[in-house]
Amino acid sequence: MYSGPAASAAGPPRRDFISVTLGPEEAVGAGGYNNSKAWRRRSCWRKWKQLSRLQRSVILFLFAFLAVCGVTSYTNMGEAWKSLTDKSLDDQRTKQEIPGLKLANPAVLPAPQKVDANHGDYPELSPQKPPKPPHVRRSPSNLQIKAPWRDTRLKTHHDTIRAVEEPVQADKEEKTEKYIISWRGAMIEPDQSTEPPSSKIKETEKPLSVEGEDQKEPVPLNERQRAVIEAFRHAWRGYRDFAWGHDELKPLSKSYSEWFGLGLTLIDALDTMWILGLKEEFEEARKWVANDLVFDKNVDVNLFESTIRILGGLLSTYHLSGDSLFLEKAKDIGNRLMPAFKTPSKIPYSDVNIGRGTAHPPRWTSDSTVAEVTSIQLEFRELSRLTGDEKFQKAVDEVMKHVHTLSGKNDGLVPMFINTNSGQFTHLGVYTLGARADSYYEYLLKQWIQGGKKENELLEDYMRAIEGVKKHLLQKSEPKRLTFVGELAHGHFSAKMDHLVCFLPGTLALGVHNGLPVDHMKLAEALIETCYQMYAQVETGLSPEIVHFNLHAQKGHKDVEIKPADRHNLLRPETVESLFYMYRFTGDKKYQDWGWEILQNFNKYTRVPTGGYTSINNVQNPSNPEPRDKMESFFLGETLKYMFLLFSDDTDLINLDKYIFNTEAHPLPIWVPA
Ligand code: DMJ
């Protein structure tokens, strides 16, 4: 309501609200327009004095109130802004995960890490760049190997497979950079590795390797590869008939055993089927993964085993097939394994309940095994790269960073246990390349390769460890002077070698292929000979789990001695794995011949007529090797896969410049392929 004039006439009423009206004369003043600071100050002061005490108090209170509101809302806005930014990043990630959006091309590559001028500095270990919009996204090579039955241009039978590598859309800037690594004064240029494998295989045996999908001829299967396919099918038949969807086949009792209850054999075998070109088997197994594989189960799983077999198997199958189902499953299990890292030291617990989201160490100790906590990195790092979610890589990188700094090593050799509370090594003084430590060494090298040979601390630790092996663990046996890797316990050398150690020749050869010193190849050649002798000197032609080498010549004694408790064979892959690398890098046919002998002996002593293969209790008794009634999942995941690759002359069939095998033989892409 308008009440101006009347109110004015009655004089200004006392009001409890503020009304500041500036009349023109006050605003302008006698001297016309005067906007000087002094004038404004005086004028405001006058006005202020004219106000009642109550009015002044109200104004002061309002100012104070507004000031408080201002500060609070500034803080909140900051947070709102941050969460908005995060959300938009998340949105981008989610979009990149939508099936059909070319999932086979991983969404995010780790940021390139240049070698620091101070060689040896640990690189930034959360190297994920925020995802870029798709059109500017740097894409790694398309690492799919097309299954033969999908490639209509291939006129061959479906057992033939070939690698189809699409061109690498590499970051030009990064490509031109040279990374020089210094190792004890020796300069290593990783790009200048030893000759590529193809050049080592004799010209006539070379597969046709024509760039580009259209011109590439399929490489026909040879007799030995067909024998591997036959062996796989036989093993698979047993699993399919008696253990479908369960962890392991018990081929004699025609039943199964359960470890995690997650179809371990089926998942471990997926990429083998892909590589062997077993279309029908693969598609049937895929259906099981799509319809029946559920991780939301109240079950304790071992972090390491489920990472290398399940997460590794799913990631590799995703890369080979390009089928986003496998990535979705990989993300699911990856997330469910993360509670393992919630420990005081961030060294993960050995066991996780994937349904409840809880983790714990074994009942009797708070220690974890060193090999286990340091051999999950390839898989979690790759999961981060594919999802754009750093948390997986951060967790496993932290473990490596921490282990790098720990005391208790002996010239790069690590003890077998690490405490999840203190983060320190325990049971000091015992050093082995066998059980509980083996894949620590393997993953040092492989992570370095996976990440584009830039993470120098990994290389340093690897090189130091190999020097440690040479200094403390190498000996020669009698009578054949076989070089072997023994163990050291509190200063005492033991001539004991696990079959597990036979991963080492392959790993050494892989290092040399990637530019490491050639004397590692000499060692690899000597060690693979020893591993082969662990088969050849035994009655069944199959290696026991553990051997002891003779250090002194004794009449009638071979190099290899076997204790009754060690004479079992679990169908393990390590020797065949190393034979595969050795053949790829040298082209020496003897490695294929040795592998062929081993396959024949598996067929002779471990094959169960009604389907499947079994581990045996006694490799020294050909007339009764005592079948144990169990087919381990790694027989299909690793042993037969490496056999098939060993017998292949196609170096593009899992090209070792583009893929790195995890410790369960699941190939994962090298982030910056050569
Ligand atoms: C596999 O699970 C892996 O190769 C692991 O690194 C060692 N043990 C078995 C095979 O022997």
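How many aromatic pairs does a search of the whole structure find? The search finds 22 of them, where rings of Phe, Tyr and Trp (its six-membered ring) pair if their centres lie within 6.5 Å. The model is predicted, so local features need pLDDT of at least 70 and side-chain atom pairs count only at pLDDT 80 or more, while totals for chains, interfaces and linings use all residues. Residues are numbered from 1 along each chain as its sequence is written, and side-chain values use heavy atoms, with hydrogens and water left out.

**View 1. The aromatic pair of Tyr-613 and Phe-635.** The ring centres of Tyr-613 and Phe-635 are 4.9 Å apart and their planes stand at 45°, so the pair is tilted (planes under 30 degrees apart count as stacked, over 60 as edge-to-face and the rest as tilted). Tyr-613 belongs to the loop between helix H20 (589-605) and H21, and Phe-635 to helix H21, so the pair ties together parts that are 22 residues apart in sequence. Helices (H or I, at least four residues) and strands (E, at least two) are DSSP runs, numbered from the N terminus.

**View 2. The shell around the ligand.** The residues around the ligand include Ile-308, Arg-309, Phe-634 and Glu-638, each having a heavy atom within 4 Å of it. Helix H10 (303-321) and helix H21 (633-646) each supply at least two residues of this shell.

View 3. At Thr-663 it is a backbone N or O atom that lies 2.7 Å from an oxygen atom of the ligand.

**View 4. Two backbone features in loops.** The peptide bond from Glu-478 to Pro-479 is cis, with omega near 10°, and Pro-479 is found in the loop between strand E12 (474-476) and strand E13 (483-485). Lys-346, a residue other than glycine, has a positive phi near 70°, and its place is in the loop between helix H11 (324-337) and strand E6 (351-353).

Methods: A polar contact is a pair of N or O atoms within 3.5 Å; within protein, one must be able to donate a hydrogen and the other to accept it, and residues adjacent in sequence count only if both atoms are side-chain atoms.
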